[in-house]
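Hi,

Here's the structure I said I'd pass along.

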Amino acid sequence: MRTALVPLLITTAAVPARAGDDDAPAASAAAPGAPAAAPEGDGDPAAAPGTPAAAPEGGGDPAATAVGAPLTVVVQGAPAPRSASETVRERAEVRAAPHRTASDVLQLVPGLFASQHSGEGKAHQIFFRGFDAVHGQDLELWVAGAPVNEVSNVHGQGYADLHFIMPEVIRELRAQPGSYDPRQGDFAVAGTVRFELGYDEPGITVAAGAGSDGARRLFLAYHPEQADEATFAAFEAYATDGFGPARAASRTSLVAQGVYPLAAGVSARVMASAFAARFASAGVLRLDDLEAGRVDRLASYDPDQGGDSSRAQLVVDLRAAGAAPGEGLSLAPFVVLRALRLRSNFTGYLEDPTSGDATQQLNEAVTVGATASYRLRFPLLSERDTFEAGVVARSDWIEQSQRRLAAVDDRPTATLVDGRVRATDIAGYLDASIRPARRIEVRGGLRADGLAYQVLDGAGADERAAARGAQGVHVGGKGTVDAALLPGLHALASVGQGFRSPQARSLGDGERAPFTRVLSAEAGLRYADERVRASAALFHTRLSDDLVFDEATGRNEPVPATARTGVALDAVAHPAPWLVSSVGLTYTRAAFTAAGGRYAAGDLLPFVPQVVARADLAVTPRLGALFGRRLEARAGAGVTLLHRRPLPYGEIGHDALLTDVTAHLRYHRVELGLDVYNLLDAAWFDGEFVYPSSFTRGAAPDLLPARHVTVGAPRSLFASLSLTIG
């Protein structure tokens, strides 16, 4: 799987390169899958502004190296964009505003909002360009070459927990809206986001902090001074008492990564991580109870909600440069171990007036797989035409259960799910980049996924339980036309077919696995120079069927076909070395195109905000020197707007405007920081739902739909002190 920025160590000869020469040695060192460099104005659209040129590892003067002597260089290549709205956020933009988690960083992607309505340790709920991706069902997520989405998770298809990544080690995230790249696979319905990791502070970093509601955090990191920033190790320990009852949480995480040259033109990147968390959840409140004063804003009907989560993974990414510029081979096996226990109660005593509706979900999974690709430069219509063939395979072993628990003693009163799942996805793709004319490039190809499932129901209670199997194949074409209009300005039109895999529990024996089929189209403009990147695009996506969260079952349930139409705007500016800003704005209309259940054709899709806007700004002035040591400052802010959130039964949710700010002062190796979240102390809801409920034990159930909310976090402060050694 080609990543956004892939460092590759190459041993070559120190030969001067001519500017704009496609056959220069620097181009030949590009990472597999990365286009060769080209002159400005007629170059490959993949050439990202600010991509560093090849340089000797650890710095130094290339001229000081004798001609013909072996030289180890680090080259970073950016893949060609597959749509006008493809987005990159680099470290400068990520650090502009404060972020508690990697899911918070996701909000830098235009049109994306992540909320955490069930506690600080549960995967965030993700909204993206008209999709309620819930916990990942519509957004494909990769971190350092390993998939994050979980197949057939009992809580929700595509469940993706990013808590194992600290914001400090995010070097870059690249968002690919739609499904226009053959490398995009399962869950790439709204799109794909890939995280690249790195840490650039040389030596040992020790940071400790404390803040509102008993929040405390310890962060440790190490980055060898002479190594590429992709080589590092980081540790985090975090805990909080929460901003109200039933909101305490704690987590620990370790991420380590190293890049190693193995031979001439061959390198290996190894990433290992481990993570564990425990969290409480306050759950929902009925809005009528809240407005009438029957419950406090921070109260909880069931303080026993919450759970725990863990993850461990290993990725080995092997890369070898080819004989010609732009060619290369990559192989990246991975293994992921996951566990989740979750207790929740959305309806109180609606289903069981005596014992209650609390459910406990357990999900344990082992994922083993690999990605591999070979890129070949083949002059078909131009000297820069390339072809790439790749394979992606993963196999998941899953054990899961869901049981209803008694409110008094947690005794299981009903078993709703109890089974084992074996899921296999084997995919192959072919991608091409062809230039039929000097300023026109056509990129695209074909991808085929074969999915197979074996399901054993009732496995926990009876080894004679019924077993069943299903299998299916999805084939999708994807393509982009990129026209260079002016230096730095490109017009792109894209179309692609994608899919979402089914929940294994929903399949019958011998059934041809039904896929949710996705058709996406987009057209727009992109501009980039040394200081500005900007894009504007119109998009449309249609789904053959969809999933919407059902509070009674505690998981997503099938609904009729849907469509999304909208516009996305994005701009990133670095007008000065000390100033960075980024702005994203998306409007989407998401509606049902067919009737079914409680929904009619034309009804707006529930829970999805129609307008999502995000703006970040940071200044990093150098204040001079004090006693011969450099004094620096950093101040930034991030503002998020959610507007018009449709709810079931024609209701509209509340808007939200959130502002986070940060201020840091650094003197030599010591840094003092203050982060403020929700600066204006907005009273907002991070989740809104409409459904019947009854939170009084033994009372006659009220079957009328009522609005339920989860309360968003109020203003909080966090102060930190860090020391760099080395």
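Predicted model: local features only at pLDDT ≥ 70, side-chain atom pairs only at ≥ 80, totals over all residues.

Residues are numbered from 1 along each chain as its sequence is written, and side-chain values use heavy atoms, with hydrogens and water left out.

The patch covers about 800 Å² of surface, and its members include Ile204, Leu218, Val670 and Ile725. Patch residues have over 30% relative accessible area and no salt bridge, with like charges joined within 9 Å and nonpolar side chains (Val, Leu, Ile, Met, Phe, Trp, Tyr) within 5 Å. Areas are Shrake-Rupley with a 1.4 Å probe, and for residues only the protein chains shown count as cover. Leucine 218, in strand 13, is partly exposed at 32% (buried is under 20%, exposed over 50%, partly exposed in between).

Next, lysine 478 in strand 24 (residues 467-486). Lysine 478 is buried but has no salt bridge, and the nearest side chain of opposite charge, aspartate 449, sits 7.3 Å away. (A salt bridge is a side-chain nitrogen of Lys or Arg within 4 Å of a carboxyl oxygen of Asp or Glu; Lys and Arg count as positive, Asp and Glu as negative, and His and the chain ends aren't counted.) The lysine 478 side chain does reach the backbone oxygen of glutamine 497, at 2.8 Å.

Cheers

Notes. Helix = DSSP H or I, 4+ residues; strand = E, 2+ residues; numbered from the N terminus. Buried < 20%, exposed > 50% of the residue type's maximum accessible area, 1.4 Å probe, protein only. Polar contact = N/O pair within 3.5 Å; in protein donor to acceptor, adjacent residues only side chain to side chain.
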